[in-house]
Amino acid sequence: MKKNKKLILPLVSMLVLSILLSACGGGDNASSGENGSSGSGKVTISFMHWRGEDSEALNNTIDAFEKENPNIHVEMQTLPSDQYQSTVQSKISDGSTGDVFASFPGAQFEAFTKAGLFTDLTGSSFLSAYNPKLIEAGQHDGKQYAIPYQLVYNDPIYNVKLFEKYGLTPPTDWQGFLALCQTLKDNGIIPIAFAGADIGPGQFMNTMVMNNAPSDDIFTKVEAGEAKLTDEFWVKTLTQIKELNDKGYFQQDALGTKDPAAGALFIQEKAAMLASGSYQLAQNKQQNPNLEQKLLAPITVSADQAKYEGVHTTTFMLAVNSKSKHPEEAKKFLEFLSKPDVAGEYANQTGQNVTVNDVKYDTPELQVAGEWANKKTVFQPRFTILNGDNQKAVTNSIQAVLSGTSPEEAAQQAQAIIDQHIGK
Amino acid sequence: MKNRIQLSLFLLPGLLLYVALFVFPTLTGLFYSFTDWDGVSPSYAFVGMDNYKDSLSSIVFRKAFGNNVEFMLTVVIAQTFISLVLALLLVRNTKTRVVLRALYFLPAILSSVSVGLIWAFMYDPSIGLINYGLNEAGMGSMAHNWIGDPKIAIYSIAAVQVWAHAGQMMIVFIAGLQGIPAELYEAARMDGGSKWQVFRTVTWPLLAPSATIVVAYTTIQSFKAFDLIFTMTDGGPNYATEILTTYIYHTAFGSYSFGLASAGSMIFLVLLALLTLLQFKALRADRVSY
């Protein structure tokens with residue numbers, strides 16, 4: 001009897017807790033039923049994404065949308081990208097929030113597709129506003145689940161004036177690229193500012209590997225066990241990155257340099273190239289208005305063997321939540337974003353290129369990237385690695401060679417990690 | 001009986017919070033550790049002990065565990081020593097002690113994310129303050145690639161962890177020192193004991209309870225570190241600073257393997273519990289009474 005008495009308190013506590021928890025759950029569902037609409041018949045849709053820096057531009061877009069659609073109110077919710085990566089699925093999974101939401105290409109898109117979080121947008125009339133090739137990243141099994149809205153070229157940026165000063169032009173082969181770097185180094189300029197501590201390996205590997213493995217599914221094969229990092233394409237890529245490092249073409253101790261510091265070297269014109277992507281053009285110009293910038297990709301093979309001129313990524317993939325209570329209103333918002341003038345406003349205000357056709361870009365930086373639309377580019381190879389741990393193993397093998405490991409050994413170590421994942 | 005009911009009512013909110021914030025998530029994690037749940041899908045399959053086997057045989061998990069131990073030992077030894085030295089220096093009645101105590105304690109109130117971001121910037125080999133300062137002071141040979149060199153990166157972060165928390169532990173030691181009766185020192189000095197002898201025979205044995213707290217707290221705190229490493233290196237370069245907490249985070253949110261990450265969390269929880277238990281058992285034996 002005494003023992004039973006002792007049990008009363010924990011049992012009562014558990015009961016109260018379970019009531020509280022179920023009340024919380026019920027509250028969510030109850031409110032979500034009403035959430036989307038008010039008494040006046042106005043529907044509220046939630047738009048969730050990670051680009052806080054675009055809030056002002058998107059608020060203007062939302063204002064314009066609400067003027068055109070007085071019965072729809074868009075509530076924008078932004079989270080920092082790290083937090084977005086870790087919490088978005090729990091927020092959108094019951095449909096109470098994120099009627100329109102953004103997702104990353106690659107691992108997140110795959111996981112969301114598998115979970116059925118996307119509404120199938122195949123056949124929607126507004127899809128014709130986009131460059132069909134550039135929205136492929138939002139497709140799965142032939143269905144369009146998300147629309148990649150932003151377009152990035154993951155090619156190194158170069159300082160046009162510095163190139164002109166030393167009579168340099170973008171090279172067409174590996175020997176030409178090495179000679180270009182040497183000329184810059186001989187003149188006291190850092191050839192390539194490389195953020196080895198964070199984004200550098202993940203960005204630079206794309207253009208370095210694109211012609212060493214001239215196929216858009218080489219990493220898909222690696223993850224399927226049909227190709228290995230110890231194969232020639234990756235060992236050669238690592239060897240060439242090591243060569244650039246050993247010859248002093250990256251700044252000293254590149255492995256300890258983070259993105260802002262590498263960016264500063266380029267902005268201050270101490271470095272002639274910055275191993276990042278077109279997304280950084282506007283920010284660089286803002287900090288140094290004298291900069292004249294263009295994009296170039298290192299060609300790692302002979303000119304006649306080069307299949308690709310550069311790398312593109314389409315991201316900020318907009319989708320309609322499959323659990324949304326207001327899918328038609330959510331689609332209407334996507335349709336509005338797809339208009340060339342609306343997309344143009346967004347692009348010009350944020351400094352980001354978009355995947356929408358016939359957009360007029362105002363700034364030279366956006367036009368620079370726009371010129372690349374006609375070049376032969378491949379979708380960012382790193383994002384074709386769907387497992388985050390495998391992605392890390394690949395980029396870490398670059399860090400390994402920069403810290404002195406031989407390319408063969410670094411490739412072997414990374415392959416061993418991937419083998420473990422394949423085996424699961 | 002009335003008292004008991006009142007006591008129970010007082011305990012209830014705490015118990016509810018404990019169940020909601022610890023017991024419930026732990027049990028949920030334990031459940032998912034036996035599944036292949038990806039963290040998003042509504043469905044999952046039970047995989048038995050596979051996640052545990054995969055975690056324990058994972059190259060990255062093992063490397064992370066080794067780094068965890070290295071980081072913990074470095075922090076515990078350095079932080080205990082430095083905080084003790086600071087306490088011994090600042091327990092005296094000097095005019096500057098209040099200001100100095102506040103200064104040394106200050107880093108403890110800063111957010112570890114801010115601390116990590118600031119120190120990562122200071123450690124930058126090209127534009128960081130540390131190498132710049134060393135070069136300006138004519139000690140350029142000591143300039144280093146602090147968080148970019150895989151051989152020393154973990155120690156560079158450990159130094160920041162110590163910087164951030166040594167002041168906090170100094171306060172614990174100061175409280176312990178102030179609790180030692182002055183007559184014991186007088187007796188020791190009258191017996192002709194040197195400073196070192198007084199420290200060894202009086203101060204240190206009587207500081208054992210404070211040392212227990214400092215070592216136990218520092219061990220647990222450094223073993224479950226996350227923010228500093230996440231913001232400074234994110235486990236890099238090439239897994240040199242990957243520890244179990246960052247491994248679990250990357251497994252869950254990088255590759256959407258929640259089942260595997262949950263198994264990693266459970267192993268981590270057991271390791272932490274064992275460590276805490278061992279700590280208290282080992283250090284309880286050192287207690288001295290007077």
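Buried means under 20% relative accessible area. The legends below refer to a predicted model.

**Close-up 1. Asn159(A) in strand β7 of chain A**. The strand covers residues 157-159. With a relative accessible area of 0%, Asn159(A) is buried, because the limit for that class is under 20%.

**Close-up 2. Polar contacts made by the side chain of Asn159(A)**. The side chains of Asn159(A) and Glu269(A) are joined by a polar contact of 3.0 Å. A polar atom of the Asn159(A) side chain also lies 3.1 Å from the backbone nitrogen of Lys161(A).

**Close-up 3. Residues touching Asn159(A)**. Leaving aside residues up to four places away in sequence, Asn159(A) touches Phe266(A), Glu269(A), Ala272(A), Leu291(A) and Glu292(A). Among them, Glu269(A) is the partner in the 3.0 Å side-chain polar contact.

**Close-up 4. A nonpolar patch on the surface, formed by residues of chain B**. The patch consists of Val99(B), Leu103(B), Phe105(B), Leu106(B), Ile109(B), Leu110(B), Trp163(B) and Ile171(B). Together these residues have about 740 Å² of accessible area. Helices α4 (97-105) and α7 (153-178) of chain B each supply at least two residues of the patch. The largest share, three residues, comes from α4(B).

**Close-up 5. Trp163(B) in helix α7 of chain B**. Trp163(B) is one of the residues that form the nonpolar patch. Its relative accessible area is 37%. Trp163(B) is therefore classed as partly exposed, since that class lies between under 20% and over 50%.

Key. Residues are numbered from 1 along each chain as its sequence is written. Chains are lettered from A and ligands numbered from 1 in the order in which they are written. This is a predicted model: local features need pLDDT of at least 70, side-chain atom pairs count only at pLDDT 80 or more; totals for chains, interfaces and linings use all residues. Side-chain values use heavy atoms; hydrogens and water are left out. Helices (H or I, at least four residues) and strands (E, at least two) are DSSP runs, numbered from the N terminus. Buried means under 20% relative accessible area, exposed over 50%, partly exposed in between (1.4 Å probe, protein chains only). A polar contact is a pair of N or O atoms within 3.5 Å; within protein, one must be able to donate a hydrogen and the other to accept it, and residues adjacent in sequence count only if both atoms are side-chain atoms. Contact means heavy atoms within 4.5 Å. Patches are made of residues with over 30% relative accessible area and no salt bridge: like charges are joined within 9 Å, nonpolar side chains (Val, Leu, Ile, Met, Phe, Trp, Tyr) within 5 Å. Accessible areas come from the Shrake-Rupley method with a 1.4 Å probe; for residues, only the protein chains shown count as cover. A salt bridge is a side-chain nitrogen of Lys or Arg within 4 Å of a carboxyl oxygen of Asp or Glu.
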